[in-house]
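Hi,

Here is the structure I promised to pass on.

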Protein chains: 2
Amino acid sequence: MKSSIVIFDQFTDLDLFLMWDLLNRVRLLEWEVRILGERPHHISATGISAPTHGLIEEANHSDVVLFVSGQGTRTKMKDSDWLSRFRLDPEKQLIGSICSGALLLAALGFLKGKTATTYPTTKQTLESLGVTVEEKAFIEHGNIATAGGCLASQYLVGWVIEKKAGAEWKQLVLKSIQPVGAGLYFSDAAELGKLYAPVLSAHGKI
Amino acid sequence: MKSSIVIFDQFTDLDLFLMWDLLNRVRLLEWEVRILGERPHHISATGISAPTHGLIEEANHSDVVLFVSGQGTRTKMKDSDWLSRFRLDPEKQLIGSICSGALLLAALGFLKGKTATTYPTTKQTLESLGVTVEEKAFIEHGNIATAGGCLASQYLVGWVIEKKAGAEWKQLVLKSIQPVGAGLYFSDAAELGKLYAPVLSAHGKI
């Protein structure tokens, strides 16, 4: 089970690393998470050099493909060379976006006739691509999902983990980042240990 | 106004990048955010190579010093050479931690006689250092603050931004990452533009 997160220059740091960190908390042997781009590194909106694990073509052979957000989406949505390198199949793959990453899903044709959500500052641009934009944190249509607002990455990642690892992993991973006393409790310590334990087999129960 | 985030090997990705991304959303001319470590790069708990901007001694001349969490805190809390390089002054600096970063505040002597919060899996270790641990997301004692649970980084960063840039910046920055329809709305688009505008003067109003 391979999840790929697609980045580019001028991506939003938090969107990448929230999804990356949460996806990596699932401790299953065949569970792989990759950061993909055009180059060995991409520069975030704040100037951080983030390493990639492979080229964007690897997304075509991933079980899950997630697009991050950031100012760079405005460039990439018009970059036909870049877009043409993706051969994604929503029949076989889960495909999702956070915030302005929805512009890329739309540019790739995956939001035709669907509702979607995005960041407030990209609502008009997404609408100009013919998408009906709804003021929701998370919108799922079969294997296509969009999330809006950085922290809504939780819903997007939760959707992936529930479908690919099960509801127990989803619940534990999402609980593990909640504020103490408001979703996460000291009595959860033993259960949290499962997130740091050696990996289990693909069918391992929590 | 310089904020420094201290990292080390085996740090938690989300804790660094949530604080980093949010602090960088304040658009004031003299507002500087730095990632500090012992080396040009540190390797996160998930194997990401994160660049540092300077050495940990720079923390001694920062207005704000924030310690991240991760398995590496268990090593660093016992590393007397590393600890001795910090000469922090809670009279002049804001000093804070997220999750197991509280072990480092305790090792540096800043939690003596104070209550604090941490991640559930480090509660016992923090107590063994003589700290009274409370099941809260955020605990502030003057210029010392601890937060527990990754997403409680919001409270820690909000505390810093309110004290150093004002309540309006705090409110806008924290709003900017909430889920759409649950704290962030399409009608916020114009206001959010301030987070991407050129920097203002130190006394610039939002």
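Below is what turned up, starting with the interface and then going through helices, one threonine and the salt bridges.

Before anything else, please keep in mind that this is a predicted model.

**The interface**

Let's begin where the chains meet. On chain B, 45 residues are in contact with 45 residues of chain A. Together the two chains bury about 3,700 Å², and 72% of that is on carbon and sulfur atoms. What about charge pairing across the interface? The count of salt bridges between chain B and chain A is zero. Polar contacts do occur there, with 16 residue pairs in polar contact between chain B and chain A, both partners at pLDDT 80 or more.

Which parts of chain B supply the side that touches chain A? At least two residues each come from α1 (13-23), β4 (49-51), α6 (153-165) and α8 (189-192) of chain B. The largest share is that of α1(B), with six residues. Sorted by type, the residues on this side of chain B are 24 nonpolar, 14 polar and seven charged.

**Some helices**

With 13 residues, α6(B) reaches 17 Å from its first C-alpha to its last, close to the 18 Å expected at 1.5 Å a residue. Its buried residues are Ser153(B), Gln154(B), Leu156(B), Val157(B), Gly158(B), Trp159(B), Val160(B) and Ile161(B). Just after α6(B) you will find Gly166(B), which takes a positive phi of about 105 degrees.

Next comes α7 of chain B, residues 167-175, where Trp169(B), Leu172(B), Val173(B), Leu174(B) and Lys175(B) are buried. The cover over the buried residues of α7(B) includes α1, α6 and α8 of chain B.

Over in chain A, take a look at α1 (residues 13-23). Eleven of its eleven residues are buried, so this helix is largely enclosed by the rest of the structure. Among the buried residues of α1(A) are Asp13(A), Asp15(A) and Asp21(A), along with Phe17(A), Met19(A) and Trp20(A).

**Thr122 in chain A**

This residue is worth a click. Thr122(A) is in the loop between β8 (115-116) and α5 (123-128) of chain A. Is it buried or exposed? Thr122(A) has a relative accessible area of 0%, so it counts as buried. Leaving aside residues up to four places away in sequence, Thr122(A) touches Arg74(A), Ser100(A) and Leu103(A). Its side chain also makes a polar contact, at 2.8 Å, with the side chain of Thr118(A).

**Salt bridges**

Over all chains, the count comes to 28 salt bridges. Here are a few to look up.

- Glu140(A) and Lys163(A) form a salt bridge, their closest N and O atoms being 4.0 Å apart. This pair links distant parts of the chain, with Glu140(A) in strand β10 (residues 138-141) and Lys163(A) in helix α6 (residues 153-164) of chain A, 23 residues apart. Glu140(A) is partly exposed at a relative accessible area of 39%, and Lys163(A) is partly exposed too, at 44%.
- Lys163(B) and Glu140(B) form a salt bridge in chain B, again with closest N and O atoms 4.0 Å apart. Lys163(B) is in helix α6 and Glu140(B) in strand β10 (residues 138-141) of chain B, so far apart in the chain as 23 residues. Lys163(B) counts as partly exposed at 44% relative accessibility, and Glu140(B) is partly exposed at 41%.
- Lys2(B) and Glu58(B) form a salt bridge with their closest N and O atoms 2.9 Å apart. Lys2(B) lies in strand β1 (residues 2-6) of chain B and Glu58(B) in the loop between β5 (54-55) and β6 (64-67), so the pair ties together parts that are 56 residues apart in sequence. Lys2(B) is buried, with a relative accessible area of 17%, and Glu58(B) counts as buried at 17% as well.

Finally, chain A has a network of salt bridges that links Glu38(A), Glu57(A), Lys76(A), Asp79(A) and Arg85(A).

Cheers

How values were computed. Residues are numbered from 1 along each chain as its sequence is written. Chains are lettered from A and ligands numbered from 1 in the order in which they are written. This is a predicted model: local features need pLDDT of at least 70, side-chain atom pairs count only at pLDDT 80 or more; totals for chains, interfaces and linings use all residues. Side-chain values use heavy atoms; hydrogens and water are left out. Contact means heavy atoms within 4.5 Å. Buried area is the accessible area (1.4 Å probe) that two parts lose on being put together, summed over both. A salt bridge is a side-chain nitrogen of Lys or Arg within 4 Å of a carboxyl oxygen of Asp or Glu. A polar contact is a pair of N or O atoms within 3.5 Å; within protein, one must be able to donate a hydrogen and the other to accept it, and residues adjacent in sequence count only if both atoms are side-chain atoms. Helices (H or I, at least four residues) and strands (E, at least two) are DSSP runs, numbered from the N terminus. Ala, Val, Leu, Ile, Met, Phe, Trp, Tyr, Cys and Pro count as nonpolar, Asp, Glu, Lys and Arg as charged, and the others, Gly among them, as polar. The expected span of a helix is 1.5 Å times one less than its number of residues. Buried means under 20% relative accessible area, exposed over 50%, partly exposed in between (1.4 Å probe, protein chains only).
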